[in-house]
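Dear colleague,

I am handing over the structure we spoke of, with the sequence alongside. Please look through it first; my notes on what was found follow below.

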Amino acid sequence: MSKRYTPEFRRDAVELVRSSGRNVTEVARELGVSPEGLRGWVKQAKVDRGEGPDGALTTAERDELRRIRRELAEVKKANEILVKAAAFFAKEIVK
């Protein structure tokens, strides 16, 4: 089961990696987090600072993309309902 860490904890963990000169595995062990998780946080922090690879999404962009995808799914459901309602009422008018 995965744990959820606060944004503050993540930020502090990334800063510890950056400022301590120690590697991710050592810091992760000290903090009691997964090395892979901490490595991901460090990588995402680099992207957020504009130091990531071309095309990498910042945290804000990822959040916006998630929101837009959720909104799109809702709009598609609403559209599907409207299409079915229009078909139903079209049949009723023809009768």
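Confidence in this predicted model is lowest in helix α4, residues 59–94, where the mean is 95, and highest in helix α2, residues 24–31, where the mean is 97. Over the chain as a whole the mean pLDDT is 94, with 97% of the residues at 70 or more.

The next point concerns the packing of two helices. Helix α1, which covers residues 7–20, packs against helix α3, residues 35–48, at an angle of about 85°, and their axes lie 9 Å apart. Since angles of 65 to 115 degrees count as roughly perpendicular, α1 is therefore roughly perpendicular to α3. On the α1 side the contact is made by F9, R10, A13, V14 and V17, while α3 contributes L38, W41, V42 and A45. Sorted by type, the residues of this contact comprise eight nonpolar and one charged, with no polar residue among them.

Which residues form the largest nonpolar core? There are 11 of them, namely A13, V14, V17, V24, V27, A28, V33, L38, W41, V42 and A45. Helices α1, α2 and α3 each supply at least two residues of this core, and the largest share, four residues, comes from α3. As general background, nonpolar side chains tend to be buried together in soluble globular proteins.

With best wishes

Terms used. Residues are numbered from 1 along each chain as its sequence is written. This is a predicted model: local features need pLDDT of at least 70, side-chain atom pairs count only at pLDDT 80 or more; totals for chains, interfaces and linings use all residues. Side-chain values use heavy atoms; hydrogens and water are left out. Axes are lines fitted to C-alpha atoms, for helices over the stretch in contact, and angles run from 0 to 180 degrees between N-to-C directions. Angles under 35 degrees count as roughly parallel, over 145 as roughly antiparallel, 65 to 115 as roughly perpendicular and the rest as oblique. Contact means heavy atoms within 4.5 Å. Ala, Val, Leu, Ile, Met, Phe, Trp, Tyr, Cys and Pro count as nonpolar, Asp, Glu, Lys and Arg as charged, and the others, Gly among them, as polar. pLDDT is the predictor's confidence in each residue, from 0 to 100. A nonpolar core is a set of buried Ala, Val, Leu, Ile, Met, Phe, Trp, Tyr and Cys residues joined through side-chain atoms within 4.5 Å. Buried means under 20% relative accessible area, exposed over 50%, partly exposed in between (1.4 Å probe, protein chains only).
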